[in-house]
Amino acid sequence: MVNTNVARRYAAAILEIGRESGNLGALVEEIVFFAQNYQASAELRNALENPLVSYDAKRSILTDIADQLGLGQTARNTLLLLNERRRMRVLPDIAQQLKEKTDLERGVVRASVTTAVRLSEGYYAKLQAELEKMTGKRVVLDRREDPSIIAGVIARIGDTVIDGSIRTQLQEMKHALLPDASGSASSPA
């Protein structure tokens, strides 16, 4: 909860700076892109979150990565400020807040779609169209793959979850057929 509140404050400040400078879209994309790389690299997280790594070393790492990614000055300053205040762990939450707030302003709803394997672009297009019809808003799909769902699709939009996975269907079938420890399964008549 603390991280969420901190992330909201940073995201609000970044949005204000982006609007004032007229480069909100680029700024949000850069911070989200860096946050994705940060989350994907355990080595980077370990270096930037390790209290034994000096502040100057962390600053140098951030500057080098910002150069490689071609980040603008505002995004660089944001990352350096987070480093200075030892808030790098909050970066993924800040990126999420930025995506949600900019989507809301643009009338876009983000749907998290999980499949067992990567599906065809045609299937994703049909799924997006159905979700747009259902919500009445433009939908952007955040695609994820999770082989543990076996097959089917799990779509999450805000608090709404549409679970059409085989894993869930098998679990429901198991609960219906086998009595569990809580005795919630119905007994045959």
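**Helix packing, charge pairs and backbone**

User: Is the crossing in which helix 4 passes helix 5 right-handed or left-handed?

Analyst: The answer comes from a predicted model, in which helix 4 is formed by residues 55-69 and helix 5 by residues 73-84. As helix 4 passes helix 5, the crossing is right-handed.

User: How does helix 4 run relative to helix 5, roughly parallel or roughly antiparallel?

Analyst: The two helices pack with their axes 10 Å apart, and the angle between them is about 160°. Since an angle over 145 degrees counts as roughly antiparallel, the relation of helix 4 to helix 5 is roughly antiparallel.

User: How many charged residues does the contact of helix 4 with helix 5 have?

Analyst: On the side of helix 4, the contact is made by Tyr 55, Lys 58, Arg 59, Leu 62, Thr 63, Ala 66 and Asp 67, and helix 5 contributes Arg 76, Leu 79, Leu 80, Asn 83 and Glu 84. Sorted by class, the residues of this contact include five nonpolar and two polar ones, while the number of charged residues is five.

User: Which term describes helix 3 in relation to helix 4?

Analyst: Helix 3 (residues 42-49) packs against helix 4 with the axes 9 Å apart and an angle of about 140°. Roughly antiparallel would require an angle over 145 degrees, and roughly perpendicular spans 65 to 115 degrees, so the term for helix 3 relative to helix 4 is oblique.

User: How many nonpolar residues are in the contact of helix 3 with helix 4?

Analyst: Helix 3 passes helix 4 in a left-handed crossing. The contact is made by Leu 44, Ala 47, Leu 48 and Glu 49 on helix 3, together with Lys 58, Ile 61, Leu 62 and Ile 65 on helix 4. Among these residues there are two charged and no polar ones, and the nonpolar ones number six.

User: What is the relative accessible area of Glu 49?

Analyst: Arg 89 is exposed, with a relative accessible area of 57%. Glu 49 is instead classed as partly exposed, because its value lies between the limits of 20% and 50%. For Glu 49 the relative accessible area is 26%.

User: About how many helical turns separate Glu 130 and Lys 133?

Analyst: The side chains of Glu 130 and Lys 133 meet in a salt bridge with an N to O distance of 3.7 Å. Glu 130 is partly exposed at 47% relative accessible area, whereas Lys 133 is exposed at 61%. Both residues lie in helix 7 (residues 121-135), three residues apart, so their separation is about one helical turn.

User: Which residues do salt bridges with shared partners join into one network?

Analyst: Side chains of opposite charge can pair when their charged atoms come close. Here, salt bridges that share partners build one network, and its residues are Asp 103, Arg 106, Arg 110 and Asp 142.

User: With which residues is Gln 97 in contact, leaving aside its neighbours within four places in sequence?

Analyst: Gln 97 is placed in helix 6 (residues 91-106). At 11% relative accessibility, Gln 97 counts as buried. With the sequence neighbours left aside, the residues in contact with Gln 97 are Thr 4, Ala 7, Arg 8 and Ala 11.

User: What is the phi of Ile 150?

Analyst: Ile 150 is found in the loop between strand 2 (138-145) and strand 3 (153-157). Although Ile 150 is not a glycine, its phi is positive, at about 70°.

User: What is the phi of Arg 86?

Analyst: Arg 86 lies in the loop between helix 5 and helix 6, and at 76% relative accessibility it counts as exposed. Arg 86 is not a glycine, yet its phi is positive, at about 55°.

How values were computed
Residues are numbered from 1 along each chain as its sequence is written. This is a predicted model: local features need pLDDT of at least 70, side-chain atom pairs count only at pLDDT 80 or more; totals for chains, interfaces and linings use all residues. Side-chain values use heavy atoms; hydrogens and water are left out. Helices (H or I, at least four residues) and strands (E, at least two) are DSSP runs, numbered from the N terminus. Buried means under 20% relative accessible area, exposed over 50%, partly exposed in between (1.4 Å probe, protein chains only). Contact means heavy atoms within 4.5 Å. Axes are lines fitted to C-alpha atoms, for helices over the stretch in contact, and angles run from 0 to 180 degrees between N-to-C directions. Angles under 35 degrees count as roughly parallel, over 145 as roughly antiparallel, 65 to 115 as roughly perpendicular and the rest as oblique. A crossing is left-handed if the near helix is turned anticlockwise from the far one by less than a right angle, and right-handed if clockwise. Ala, Val, Leu, Ile, Met, Phe, Trp, Tyr, Cys and Pro count as nonpolar, Asp, Glu, Lys and Arg as charged, and the others, Gly among them, as polar. A salt bridge is a side-chain nitrogen of Lys or Arg within 4 Å of a carboxyl oxygen of Asp or Glu.
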